[in-house]
Amino acid sequence: MELLDNLALGFSTALLIQNILYCFVGVLLGTAVGVLPGIGPTATVAMLLPITFSFEPVTALIMLAGIYYGAQYGGSTTAILINLPGESSAAVTALDGHEMARQGRAGPALAAAAIGSFIAGTVATVVLAVAAPPLASIALEFGPADYFSLVLFGLIVSIALARGAPLKALAMIALGVAFGTVGQDIYTGTPRFVFDQRELYGGIDFVSVAVGMFGVAEILRNLENDQTRTAIVSKVKNLWPTREDRRRIVGPIARGTGLGAALGVLPGGGHVLASFTSYAVEKRISKRRKEFGHGAIEGVAGPESANNAAAQTSFIPLLTLGLPAHPVMALMIGAFIVHGITPGPNVITDEPALFWGLIASMWIGNALLLLLNLPLIGIWVRMLRIPYEVLFPMIMLFAAIGTYSLGFNAFDVYAIVFFGILGYILIKCGCEPAPLLLGFVLGPLLEENLRRALIISRGDATVFLTRPISAALLALAAVALALTVLPAIRKRREVVFAEDE
Amino acid sequence: MERRRSFPDLLAGGVFVLIGGAFAVGSLSYEMGTPLRMGPGYFPLVVGGIVAALGLGIIVKGLIAGEDITFGTIPWRAIAVIVLAVVFFGFTVRRLGFVPTSAVTALLTTFASPRVRPLMAVAIAAGLTMASTLIFVVGLQLRIPLFGPWLPF
C-alpha cells in the first residue's frame with residue numbers, strides 16, 4: 001500500500017525528537033491562546049512566524065499547524081467554563097456547554113468536547129492523507145488561466161461563508177488585493193506605491209498585516225469597555241462522562257466529524273460553519289429537542305467534533321492547491337515560501353517527508369492535546385484568572401518584537417500600527433478582517449496568473465472561458481456570488497451566524 | 001423599506017473610496033501597457049477602481065438602508081498610547097538595545113488601560129522585559145544587542 005509507505009515516512013519524520021517537541025510547543029501554545037480571550041490563533045501564528053525562520057521547514061510547519069488546531073481545543077474550554085468562546089467556532093459550544101457547567105456537569109462537557117475533538121481530528125487526518133494526493137495530481141494540470149479562476153473562486157466563496165455584509169466583505173478582499181500590489185512589479189521590476197522607501201520594495205510583510213488586523217485591532221476593541229473581567233470558574237470534578245453520556249455522544253461525534261471534514265475544505269469560515277451546521281443537525285434529529293440550550297451533551301460533542309475535523313481538512317486546499325482556506329493558512333503559505341517551498345501540488349512530490357510528516361504530526365498533536373486537555377484541565381482553568389492588564393502589554397510587546405525580527409526592520413513594526421488602526425476602524429464599521437488578509441495573500445497570485453495567462457494566450461481574454469477547468473470555476477464563482485447577494489439566502493445565512501457573537 | 005442612515009457604513013465606505021482611489025490615482029503614474037502585455041500600472045488601477053466602486057456602493061447603501069451597527073466608544077487613550085509605544089519600539093530598538101526598549105514599551109503599553117496602577121505597571125513591565133529577554137534573546141538567539149549604542153555602557 002502506497003498510503004502506508006507514505007505514512008511510515010511521515011511518522012519517521014514526525015517522531016523525530018525535535019519535531020515532537022515543537023509539536024508539543026505548538027499545541028500547548030494553541031490551547032493557551034484558545035483559552036485566553038482576546039488573542040486568537042491568527043495573531044499568535046503571525047507573531048511566532050519570524051521565530052520559526054531558523055527552524056527546519058517541517059519543524060516550523062508542524063509547530064504552526066499545532067497552534068492552529070490546538071486553538072480549536074482551547075476555545076471550547078472557555079466556552080464551557082465561562083461562556084466566553086476563545087475562538088469563533090466555539091461560540092456554539094457555549095450554548096449547551098456552559099449550561100452543563102452551570103448544572104455542575106462541566107467535567108462531562110469538557111470530556112465530551114475533548115474526546116469528540118480527538119476522534120474527529122484523527123479521522124479527518126485520514127481524510128486529508130487519502131484525499132490530498134489525487135487532488136494534487138489534478139492540480140498539476142492547472143494552467144495560469146485555471147489558477148487565476150481558482151483563486152478568484154476561493155476568494156468569492158470565502159465571503160459567501162463569512163459573516164457580515166457581503167458588500168463589505170467583497171470590498172475588504174479587494175482592499176487586501178490592492179495592498180498586495182505594493183512593492184516591485186514581478187514582470188518589470190518597477191517599484192509600485194513604495195514612496196521611495198527601500199523597505200517597501202519587497203512589499204508589505206503579511207505578518208505585519210496579520211498582527212495589525214488581528215492582534216492590535218483586537219486589543220483596541222478589548223480596551224473599549226473598561227470592565228474587570230471577573231471569571232467565576234467553578235471547580236471541575238467528575239471528568240469522566242457517565243455511561244448514559246457516552247451512549248449519547250457517539251452519534252453526534254460521528255456526524256460532526258463527517259460534516260466538519262466536508263465543510264472544512266471550503267475557503268473562508270469552514271470550521272465556524274461546520275460547528276453551526278452540526279449543532280443545527282443534532283437539534284433537528286434529536287429526540288430530546290427541548291434539552292438543547294439547557295445542557296444537552298449532544299450540543300457539545302457534535303459541534304466540537306465538527307470544528308476540529310474542519311480544522312484538519314482545511315489543510316487540504318493549502319497542501320494541494322496552495323490556496324489558504326483560513327487566515328492562519330494564509331500565514332502558513334508565508335512559512336512555506338520563507339523556506340523556499342512553493343505551496344501547491346508540487347509539495348507532495350518534491351517534499352514528501354515534509355508533506356507526510358506534517359500530516360503524521362497532526363495525529364501526534366491530537367493525542368498530545370487529549371493529554372493536555374483532560375488531565376491538565378485545572379491548569380487551563382487557572383490561566384483564565386490572568387488579568388487582561390497583564391495580557392495586553394504582553395501581546396503588544398511580543399507583537400513588536402516578533403514583527404521586528406522578521407527582517408530587523410523598523411518599517412515592519414510601524415506597519416502593525418497602520419494596519420491595527422485601519423483594521424480597528426473597519427471592524428468597528430462591521431467589516432471582517434479575514435477577507436482582507438486572504439485578499440492580501442492571494443492578490444499577487446491573482447495578478448501573476450492573470451498576466452501570465454494573457455501573455456500565453458497572446459492577449460486573448462477568452463482563454464478564461466475556453467479552458468474547461470477555468471470556465472467551470474468561474475461559473476461556480478458566479479453562482480456563489482449570486483447566492484450571497486440574493487436576499488432569501490442571505491436571510492438564512494444571517495440566522496446561521498446570528499448567534500456567533 | 002424604512003430609511004436609515006448608518007454612520008459606520010458611511011465611514012467604512014469612505015475609507016474604501018479613499019484608499020481605493022489613492023491606489024487608482026497612484027497607479028496612473030506607472031506604465032499601463034496593453035491587456036496583452038499588462039504594464040505594472042494596469043492591475044492596481046483595476047483593483048483600486050473596484051475598491052473605490054465597492055466603497056461607493058457601501059456609502060449609497062448606508063444612506064438608504066444602512067446596517068444597524070452600534071459604533072460604541074472610541075478608546076482614544078488606548079489608541080494614542082499603543083501607537084506611541086509601538087513607534088517607540090521601532091525607533092529605538094536598534095539604538096537603545098533590546099532590554100531598555102522592551103521595558104519602556106511594556107511600561108508605556110500598560111497606560112492604555114486606566115485601571116493599571118503605577119506600581120502594577122512597573123511590575124508588569126519588569127516581568128515582561130525579563131520574560132521576553134529570556135525567550136527571544138537567550139532562548140531563540142535573536143540577533144538584537146541587549147544594550148545599544150545610545151547607552152554609555
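Me: How many Å separate the centres of domain 1 and domain 2 of chain B, taken over C-alpha atoms?

Reply: In this predicted model, the centres of domain 1 of chain B and domain 2 of chain B, taken over C-alpha atoms, are separated by 38 Å. The domain assignment places domain 1 of chain B at residues 7-64 and domain 2 of chain B at residues 76-139.

Me: Which elements build chain B, and in what order do they run from the N terminus on?

Reply: Chain B contains five helices and zero strands, and its elements, read from the N terminus on, follow the order α-α-α-α-α. The radius of gyration of chain B is 24 Å, well over the 15 Å that the globule rule gives for 153 residues, so chain B is more spread out than a compact globule. Along its principal axes, the C-alpha trace of chain B spans about 60 × 50 × 25 Å.

Me: What share of the residues in chain B is buried, and what share of its contacts between residues at least 6 apart in sequence joins residues at least 24 apart?

Reply: Of the 153 residues in chain B, 39% are buried. Among the contacts in chain B between residues at least 6 apart in sequence, 67% join residues that are at least 24 apart. As for confidence, chain B has an average pLDDT of 87, and 97% of the residues score at least 70, while the model as a whole scores ipTM 0.92 and pTM 0.84.

Me: How many residues of chain A are in contact with chain B, and which helix of chain A supplies the largest share?

Reply: The size of an interface is often given as the accessible area lost when the parts come together. Here the description is by residue contacts, with 52 residues of chain A in contact with 62 residues of chain B. On the side of chain A that touches chain B, at least two residues each are supplied by helix 8 (166-180), helix 9 (206-222), helix 18 (388-407), helix 19 (410-428) and helix 20 (433-456) of chain A. The largest share, 12 residues, comes from helix 18 of chain A. By class, the side of chain A that touches chain B has 36 nonpolar, six polar and 10 charged residues.

Me: At what angle do helix 5 and helix 6 of chain A pack, and which residues meet there?

Reply: Helix 5 (residues 91-102) and helix 6 (residues 106-139) of chain A pack at an angle of about 145°, and their axes are 7 Å apart. From helix 5 of chain A, Thr93(A), Gly97(A), Met100(A) and Ala101(A) meet Ala106(A), Pro108(A), Ala109(A) and Ala113(A) in helix 6 of chain A. The residues of this contact between helix 5 and helix 6 of chain A divide into six nonpolar, two polar and no charged.

Me: Why is Phe336(A) classed as buried, and why is Ile455(A) classed as partly exposed?

Reply: Phe336(A), which lies in helix 14 (residues 327-338) of chain A, is buried because 21 other C-beta atoms lie within 10 Å, and the class begins at 20 or more. Leaving aside its neighbours within four places in sequence, Phe336(A) is in contact with Ile341(A), Thr342(A) and Pro343(A). Ile455(A), placed in helix 20 of chain A, is partly exposed because 14 other C-beta atoms lie within 10 Å.

Me: What distance separates the C-alpha atoms of Ile455(A) and Phe411(A)?

Reply: The C-alpha atoms of Ile455(A) and Phe411(A), 44 residues apart along the chain, are separated by 35 Å. For Phe336(A) and Ser457(A), 121 residues apart along the chain, the separation of the C-alpha atoms is 30 Å.

Note on methods. Residues numbered from 1 in each chain as written. Chains lettered and ligands numbered in written order. Predicted model: local features only at pLDDT ≥ 70, side-chain atom pairs only at ≥ 80, totals over all residues. Axes fitted to C-alpha atoms, helices over the stretch in contact; angles between N-to-C directions. Helix = DSSP H or I, 4+ residues; strand = E, 2+ residues; numbered from the N terminus. Contact = placed C-beta atoms within 7 Å. Nonpolar A, V, L, I, M, F, W, Y, C, P; charged D, E, K, R; others polar. Rg over C-alpha atoms; globule rule 2.2 N^0.38 Å. Buried ≥ 20, exposed ≤ 12 C-beta atoms within 10 Å, placed from the backbone. pLDDT = per-residue confidence, 0-100. Domains from an automatic or database assignment.
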